[in-house]
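The following exercises ask the reader to work through one protein model step by step. Each task is followed by a worked solution.

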Amino acid sequence: MRLVILGGSGSGKSTQAQRLCRYFDIPLISTGEILREAISGDNLPSEFRWSQTDPRSSLSVYASLSELGDRARTYMQKGELVPDEMIIELIQIRLSQPDINCDWVLEGYPRTAFQSEELDFFLDDLEQKLDWAIYLQVPEAVMVSRSLGRSLPDDQPEIVQRRVELFYDRTIPILEYYDRRRCLLTINGDQSPEMVQQNILTLLSVP
């Protein structure tokens with residue numbers, strides 16, 4: 001099962017991604033968590049300690065998560081999206097790691113139509129195919145209030161509002177992209193986490 005979880009800040013993406021990973025017992029790839037670890041200066045997570053003899057290692061200029069954090073910090077602190085090329089390379093490296101295999105849930109990516117296309121191109125190279133893009137649809141007021149209720153350092157009012165604006169600007173093309181490929185599922189995210197998960201599983205035809 002290969003799934004992408006789409007939704008704005010505070011839409012419940014992380015919650016549902018984690019629930020689906022536990023349900024299907026598959027890895028979670030969260031760009032938000034990876035970037036926050038980079039910003040905080042934590043050590044490189046184990047999943048990124050790829051072998052130095054791995055030919056894909058030389059393709060990345062972000063072999064150090066701290067370097068990625070330095071580059072991403074300016075964008076994230078302003079509520080701006082991290083540049084496409086940085087995120088695309090990060091995701092490609094992560095999807096190439098041996099612990100991922102063929103099943104995963106991807107949360108926080110793609111965030112632009114270009115990233116959606118690049119993901120499909122890369123999956124073709126891996127001889128994989130995305131099963132579903134799941135869009136958690138919630139009102140703007142809900143996204144803002146949920147985000148402000150968290151305790152993350154980048155969840156300040158002006159940053160949250162900017163993220164919401166960027167989300168609406170860039171989301172429609174992504175939804176259209178996946179809708180054209182007949183792999184878009186739209187879920188009402190303004191419900192309890194349990195109900196949202198059940199609705200997702202129902203549309204995935206999982207008992």
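Helices (H or I, at least four residues) and strands (E, at least two) are taken as DSSP runs and numbered from the N terminus. The model is predicted, and local features are reported only where pLDDT is at least 70.

**Exercise 1. Secondary structure**

Determine how many helices and strands the protein has, and in what pattern they follow along the sequence.

Solution. 
- Step 1. The protein holds 8 helices and 5 strands.
- Step 2. Along the sequence, these elements give the pattern β-α-β-α-α-α-β-α-β-α-α-β-α.
- Step 3. Of the 207 residues in the protein, 48% are buried.

**Exercise 2. The largest pocket**

State the volume of the largest pocket, and describe the residues of its lining.

Solution. 
- Step 1. By class, the lining residues are 18 nonpolar, 19 polar and 12 charged.
- Step 2. At least two lining residues come from each of β1 (2-6), α1 (13-24), α2 (31-40), α3 (65-77), β4 (132-137), α7 (157-180) and α8 (193-203).
- Step 3. Helix α7 contributes the most to the lining, with 6 residues.

**Exercise 3. The largest nonpolar core**

Identify which residues touch the most other members of the largest nonpolar core, and which element supplies its largest share.

Solution. 
- Step 1. In soluble globular proteins, nonpolar side chains tend to be buried together.
- Step 2. The core has 35 residues, of which Leu6, Leu95, Trp104, Leu106, Leu119 and Tyr178 touch the most other members.
- Step 3. At least two core residues are supplied by each of β1, α3, α4 (84-95), β3 (104-107), α5 (113-125), β4, α6 (140-148) and α7.
- Step 4. The largest share, 7 residues, comes from α7.

**Exercise 4. Aromatic geometry**

Find how many aromatic pairs the whole structure contains, and classify the pair of Tyr23 and Phe24 and the pair of Phe167 and Tyr168.

Solution. 
- Step 1. A pair of aromatic rings is described by the distance of the centres and the angle of the planes.
- Step 2. For Tyr23 and Phe24, the centres are 5.1 Å apart and the planes are at 80°, an edge-to-face arrangement.
- Step 3. Phe167 and Tyr168 also form an edge-to-face pair, at 5.4 Å centre to centre with 65° between the planes.
- Step 4. Because the cut-off for edge-to-face is over 60 degrees, angles of this kind place a pair in that class.
- Step 5. Phe167 is buried, at 13% relative accessible area, whereas Tyr168 is partly exposed at 34%.
- Step 6. Tyr135, Phe167 and Tyr168 belong to one aromatic cluster.
- Step 7. A charge-over-ring contact is found as well: Arg181 lies over the face of Tyr177, 3.6 Å from the ring centre.

**Exercise 5. Backbone exceptions**

Solution. 
- Step 1. Most residues other than glycine have a negative phi, and most peptide bonds are trans.
- Step 2. The bond from Tyr109 to Pro110 is cis, with omega near 0°; Pro110 is in the loop between β3 and α5.
- Step 3. Asp25 has phi near 55° and is located in the loop between α1 and β2 (28-30).
- Step 4. Glu127 has phi near 60° and belongs to the loop between α5 and β4.
- Step 5. Asp25 counts as exposed because its relative accessible area is 69%; Glu127 counts as exposed because its value is 76%.

**Exercise 6. Sequence separation and spatial distance**

Relate the sequence separation of Gly32 and Tyr109 to their spatial distance, and do likewise for Glu194 and Arg19.

Solution. 
- Step 1. Gly32 is part of helix α2 and is buried, at 12% relative accessibility.
- Step 2. Gly32 and Tyr109 are 77 residues apart in sequence, with 8.9 Å between their C-alpha atoms.
- Step 3. Glu194 is in helix α8 and is partly exposed, at 48% relative accessibility.
- Step 4. Glu194 and Arg19 are 175 residues apart in sequence, and 9.2 Å separates their C-alpha atoms.

Key. Residues numbered from 1 in each chain as written. Heavy atoms only, no water. 1 Å grid on protein atoms, 1.4 Å probe; cavity = no way out; pocket = protein on both sides within 12 Å on 5 of 7 lines; lining within 4 Å. Points joined across faces, edges and corners; volume = space filled by probe spheres on them. Nonpolar A, V, L, I, M, F, W, Y, C, P; charged D, E, K, R; others polar. Phe/Tyr/Trp six-rings, centres within 6.5 Å; stacked < 30°, edge-to-face > 60°. Buried < 20%, exposed > 50% of the residue type's maximum accessible area, 1.4 Å probe, protein only. Lys NZ or Arg CZ within 6 Å of the ring centre and 35° of its normal. Core = buried A, V, L, I, M, F, W, Y, C linked by side-chain atoms within 4.5 Å.
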